[in-house]
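Hello,

I am passing a structure on to you, and I hope you enjoy looking through it. Please open it beside this message.

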Amino acid sequence: MSRRSKRRERRNLKRAERKERLKKYNDFEQVASLKSLYNAARKASNGVKWKASVQRYLLSILFRISRTRKDLLSGKDIRQGFIEFDLCERGKTRHIKSVHFSERVVQKSICSNALYPVLTSNLIYDNCASQKGKGTHFAAKRLEKHLRCFLKRYGRTGYILLIDFKGYFESIPHDIVKINYRKFFTDEKLLKLADDFVDAFGEIGLGLGSETSQINAIAHINYIDHYIKEYKRLHCYGRYMDDSYIIHQDKKFLEQLLCELEVLYQSYGVTVNKKKTKIIPLNNSFSYLKTRYCITNKGKIIKKPVRDSIVRQRKKMKRQAGLVAKGIITSADVLAGLVSWIGSMIHRHSRKTVFNMKKLYGELFEKE
């Protein structure tokens with residue numbers, strides 16, 4: 001037997017073992033059990049125990065999860081609509097559809113006991129969003145590693161393709177999400193519950209504010225992630241939700257690849273944002289996940305915060321100075337926010353930026 005045949009056999013064996021291991025999650029009873037609902041309620045309350053609605057739920061948690069289990073077993077629709085509001089995050093307004101806490105408990109249970117372990121089992125390693133142990137810092141570290149590998153082999157004579165999607169969550173078709181469910185699950189009750197959470201957002205698109213939406217979004221174009229990594233054999237590729245990058249030494253290759261990917265993305269209902277999708281030489285600086293990257297002649301990777309985040313923080317502190325003068329908030333509240341912002345700057349080369357921000361704080365709140 002050749003080495004290639006042995007390798008193929010090992011891979012097939014691992015796939016079979018994984019499928020066998022994931023069978024235990026194809027069970028509606030595991031989602032609707034009292035133990036699962038209790039654990040889900042405890043996890044869902046983390047960070048929001050100060051809310052009156054959460055406190056009321058936890059005061060009678062045994063009664064409430066018993067009623068929820070009864071409703072789930074009887075097939076009753078447990079959806080209660082959304083609490084809708086707009087949230088301004090890093091200068092971008094996002095429309096949030098938050099579910100009621102009792103429904104969030106069920107979502108937490110189905111995600112923990114079915115969707116998350118199954119849908120994330122075959123994601124590529126460089127899919128960096130909404131997973132345990134991953135996040136924006138992990139995505140930045142993977143980009144740095146890919147840059148170093150590329151620079152070691154080709155130097156700075158290369159390009160990076162930055163891809164951004166237009167209205168990613170709002171454009172995800174429900175039928176593709178449901179087809180993906182049926183590749184892994186056969187339990188009819190489990191599928192109906194998962195489909196109900198998807199259909200709650202209308203005919204198309206997923207809403208921000210639901211845990212099921214996050215998991216469905218990271219798994220939605222998983223096929224294309226594997227296509228890039230395995231079929232195209234592009235190691236220097238990574239994705240954080242709707243932001244992704246590909247590093248290659250040939251600009252024409254990236255242009256042709258982008259045309260191919262646009263067709264593939266369109267088949268999944270996803271549209272590429274033409275304004276934000278760019279091919280940039282590695283000699284120039286580029287931005288990814290609110291960080292500005294610059295590669296020196298000696299191959300050193302310099303990471304700095306984008307200008308927008310600095311300007312936004314300065315304006316925010318100046319507005320807060322007026323609120324402190326009126327007695328609405330205290331300077332300690334402003335300092336807590338500044339410390340949090342400085343914490344996000346630690347992983348960047350931003351010592352001068354942090355110094356100037358501290359200096360501005362001292363000027364604004366010197367009396368305090």
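Below is what was found in it, topic by topic.

This is a predicted model, in which local features need pLDDT of at least 70 and side-chain atom pairs count only at pLDDT 80 or more, while totals for chains, interfaces and linings use all residues. Residues are numbered from 1 along each chain as its sequence is written, and side-chain values use heavy atoms, with hydrogens and water left out.

**Strands and sheets**

Helices (H or I, at least four residues) and strands (E, at least two) are DSSP runs, numbered from the N terminus. Two strands count as paired if DSSP finds at least two bridges between them.

Five of its six residues are buried, so strand 5 is largely enclosed by the rest of the structure. Here, buried means under 20% relative accessible area, exposed means over 50%, and partly exposed lies in between (1.4 Å probe, protein chains only). Strand 3 (residues 159-164) pairs with strand 5 in the antiparallel sense over six bridges, and Tyr159 has His248 of strand 5 as its bridge partner. Strand 4 (residues 237-240) also runs antiparallel to strand 5, joined to it by four bridges. Within strand 5, Ile246 is the residue that stands opposite Tyr237. Strands 4 and 5 make a hairpin with two residues between them, and Met241 in the turn has a positive phi of about 55°.

Further along is an open sheet of three strands in the order 7-8-9, with antiparallel pairing. Strand 7 (286-288) and strand 9 (301-305) stand at its edges with a single partner strand each, so one side of each has no neighbour in the sheet. From one strand to the next the twist averages 35°; the axes behind such angles are lines fitted to C-alpha atoms, for helices over the stretch in contact, and angles run from 0 to 180 degrees between N-to-C directions. Strand 7 and strand 8 (residues 291-295) run antiparallel and are joined by three bridges. Tyr288 has Thr291 in strand 8 as its bridge partner.

**Aromatic pairs**

How many aromatic pairs does a search of the whole structure find? There are 11. Rings of Phe, Tyr and Trp (its six-membered ring) pair if their centres lie within 6.5 Å; planes under 30 degrees apart count as stacked, over 60 as edge-to-face and the rest as tilted. Tyr125 and Phe138 are an edge-to-face pair, 5.4 Å from centre to centre with 80° between the planes. This pair links distant parts of the chain: Tyr125 is in the loop between helix 6 (101-119) and helix 7 (136-154), and Phe138 is in helix 7, 13 residues apart. Phe138 has 14% relative accessibility and so counts as buried. The rings of Phe286 and Tyr293 have their centres 5.4 Å apart and their planes at 15°, so that pair is stacked. Both Phe286 and Tyr293 are buried. Ring pairs also join Phe165, Tyr168, Phe169 and Tyr265 into a cluster.

**Salt bridges**

Side chains of opposite charge can pair when their charged atoms come close. The search of the whole structure finds 14 salt bridges, each a side-chain nitrogen of Lys or Arg within 4 Å of a carboxyl oxygen of Asp or Glu.

One of them joins Glu144 and Lys303 (2.7 Å, N to O). That pair links distant parts of the chain, with Glu144 in helix 7 and Lys303 in strand 9, 159 residues apart. Are these two residues buried or exposed? Glu144 is buried at 12% relative accessibility, and Lys303 is buried at 8%.

Glu20 and Lys23 also meet in a salt bridge (3.3 Å, N to O). Glu20 is exposed, with a relative accessible area of 51%, and Lys23 is exposed at 54%.

Lys178 and Asp199 form another salt bridge (2.8 Å, N to O). Lys178 lies in helix 9 (residues 174-182) and Asp199 in helix 10 (residues 188-199), 21 residues apart, and the pair links distant parts of the chain. Lys178 is partly exposed at 21% relative accessibility, as is Asp199 with a relative accessible area of 32%. Salt bridges that share partners also join Asp126, Arg142 and Lys229 into one network.
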